[in-house]
Amino acid sequence: MSNAEVSYLDWELSFKNHEPKKKIQKKKEDLTSLGIPKEEFRDYVRKWENRNLK
């Protein structure tokens, strides 16, 4: 093997280190565990509650 070859693990780690961390954190804050934006989910639950429970 030559020194120019990079393993997949090294490549993946270097790729992850270059991603903007603020953008990743914002996505996690704005999405529920289902992958739906929090506001959209809340609106859906409120509409469902009004139709089915009241």
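Leaving aside its neighbours within four places in sequence, which residues is aspartate 30 in contact with? They are Ile36, Pro37 and Lys38. This is a predicted model. The structure holds two salt bridges. Glutamate 39 pairs with arginine 42 in one of them, and arginine 46 pairs with aspartate 43 in another.

**Aspartate 30 and its contacts**
- Aspartate 30 sits in helix 2, which covers residues 21–30.
- Aspartate 30 has a relative accessible area of 39%, so it counts as partly exposed.
- Its contacts beyond four places in sequence include Pro37.

**Salt bridge: glutamate 39 and arginine 42**
- The closest N and O atoms of glutamate 39 and arginine 42 are 2.9 Å apart.
- Both residues belong to helix 3, which covers residues 38–52.
- Three residues separate their positions, about one turn of the helix.
- Glutamate 39 is partly exposed, because its relative accessible area is 48%.
- Arginine 42 is also partly exposed, at 40% relative accessible area.

**Salt bridge: arginine 46 and aspartate 43**
- Arginine 46 and aspartate 43 form a salt bridge whose closest N and O atoms are 3.3 Å apart.
- This pair, too, lies in helix 3.
- Arginine 46 and aspartate 43 are three residues apart, about one turn of the helix.
- Arginine 46 has a relative accessible area of 45%, so it is partly exposed.
- Aspartate 43 is partly exposed, with a value of 37%.

How values were computed
Residues numbered from 1 in each chain as written. Predicted model: local features only at pLDDT ≥ 70, side-chain atom pairs only at ≥ 80, totals over all residues. Heavy atoms only, no water. Helix = DSSP H or I, 4+ residues; strand = E, 2+ residues; numbered from the N terminus. Buried < 20%, exposed > 50% of the residue type's maximum accessible area, 1.4 Å probe, protein only. Contact = heavy atoms within 4.5 Å. Salt bridge = Lys/Arg side-chain N within 4 Å of Asp/Glu carboxyl O.
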